[in-house]
Amino acid sequence: MKSWKVALLPALANTRLTVALDNGVGLKPHMGWSSWNVAQCNAASARYALATADKFISLGLKDLGYEYINIDDCWSTKSRDSSGRLVPDPAKWPNGIKAVTDRIHSMGLKFGLYGCAGDKTCAGYPGNEGHERGDVDQLVSWGVDFWKYDNCYTPCRQNPRPQTCTSPAGSTKTWYAPMRDAILGVQNTKKLHFNLCNWGRDEVWTWGASYGHSWRMSVDNWGDWASVERIGSAAAGIYQHSAPGGFNDLDMLYLGSSKLNTNQEKLHFGLWAITKSPLVLGLDLEKISNSTLDIIRNKGLIDINQDSLGKAATTFRPPGAPAPVNGKIYPYWAGPLSDGVVVGLCAGTSAGTYSVNFKDVPGLGGSGSYEWREMYTGQTGKGTSASFNIGLHDMRVIKVMKV
């Protein structure tokens, strides 16, 4: 796996290095739910999609901006039909997919499906290689809004192709292009959100915006603290590549996992929010705890994630603070907002008192007085600094505005 060095924030005005695929989609990080972590292949069904849509309404998630109901791998039959078309599994989609998308659209929500750039999906179902335009035409006919595109069984020097190639015969940039072109070919009829799930290979953050609207910048989040550390710390070094129209995707929010405690869930959600990752829930909403529900319904954090400026937070080093350590969550983060600056304080390695002098925060303009609000506790204040006692692996997220 590629290693990243943690980058400190030189200036909040850095511009991204690529030009977004500008078709009016993905102007903010997408928010929603994905089926895979719930029950893997068994969750790729109309029943799960519609039950989750109902929960978006009853739990107030739709009103907070959660929008996409995304079905992952295993939704089709194991082979195409005689005309080469994908076939929704009739046991999972007894009334077809369009009936489900129509129902979800009637609720004011959107619907997503999953494909793969190889000849098979990761679970061994038909891939999209060589069928890109025909498959996109099917998506359009069903009213699909979102297309996650995985990287299994792709061109490889190993023969036969393995699920996960360790010696690729080329670049993901090459075999993701035909699907990008197919999506562009239908955009006058339907504008799809294209999510590149190439596991962060080939430095996708440097070119993903010319291909799609979000791109996975790492291998999977396995639902443990080590994954939060690995992915969250890596986000600091590539922050400048996120902007309206295309965002670094830190993978699904693995909240509700028995491997994470409440503090870790708060840091997980808070860091994903301020780095402008898509906020995609990977959990069963029928079983969600009250503490996890409180986290995902934190309107202040969601507003920061969805801020129209669309610039991601990264690390900064106040005077006297230790240097970042690769692979560890650094304590000090900041990023610009349309009406202020967000500051993140992370107790990634030790509990304690964490303080910030606002004059040290990039983007706050040096001396002056500020007003602030912390998003998890609701604490507010005015002055030139703020200080918090933070438990191990917990986080405080402060929105700061100059008075």
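In this predicted model, Asp-249 is buried (under 20% relative accessible area, with exposed over 50% and partly exposed in between; 1.4 Å probe, protein chains only) yet forms no salt bridge. A salt bridge requires a side-chain nitrogen of Lys or Arg within 4 Å of a carboxyl oxygen of Asp or Glu. The nearest side chain of opposite charge, Arg-216, is 5.3 Å away; Lys and Arg count as positive, Asp and Glu as negative, and His and the chain ends are not counted. Asp-249 lies in strand β7 (residues 247–249). Strands are DSSP runs of E with at least two residues and helices runs of H or I with at least four, numbered from the N terminus. Leaving aside residues up to four places away in sequence, Asp-249 contacts (heavy atoms within 4.5 Å) Arg-216 and Trp-215, among others.

Local features need pLDDT of at least 70 and side-chain atom pairs 80 or more, while totals for chains, interfaces and linings use all residues. Residues are numbered from 1 along each chain, and side-chain values use heavy atoms, without hydrogens or water.

Helix α8 covers residues 262–274. Eleven of its 13 residues are buried, so α8 is largely enclosed by the rest of the structure. Buried positions include Glu-265, Lys-266 and Phe-269. At the N-terminal end, Asn-261 caps α8, with a side-chain oxygen 3.1 Å from the backbone nitrogen of Asn-263. Lys-276 follows α8 and has a positive phi, near 60°.

Phe-269 touches Tyr-66, Leu-253 and Tyr-376, among others, not counting residues up to four places away in sequence.

Key:
The expected span of a helix is 1.5 Å times one less than its number of residues. A polar contact is a pair of N or O atoms within 3.5 Å; within protein, one must be able to donate a hydrogen and the other to accept it, and residues adjacent in sequence count only if both atoms are side-chain atoms.
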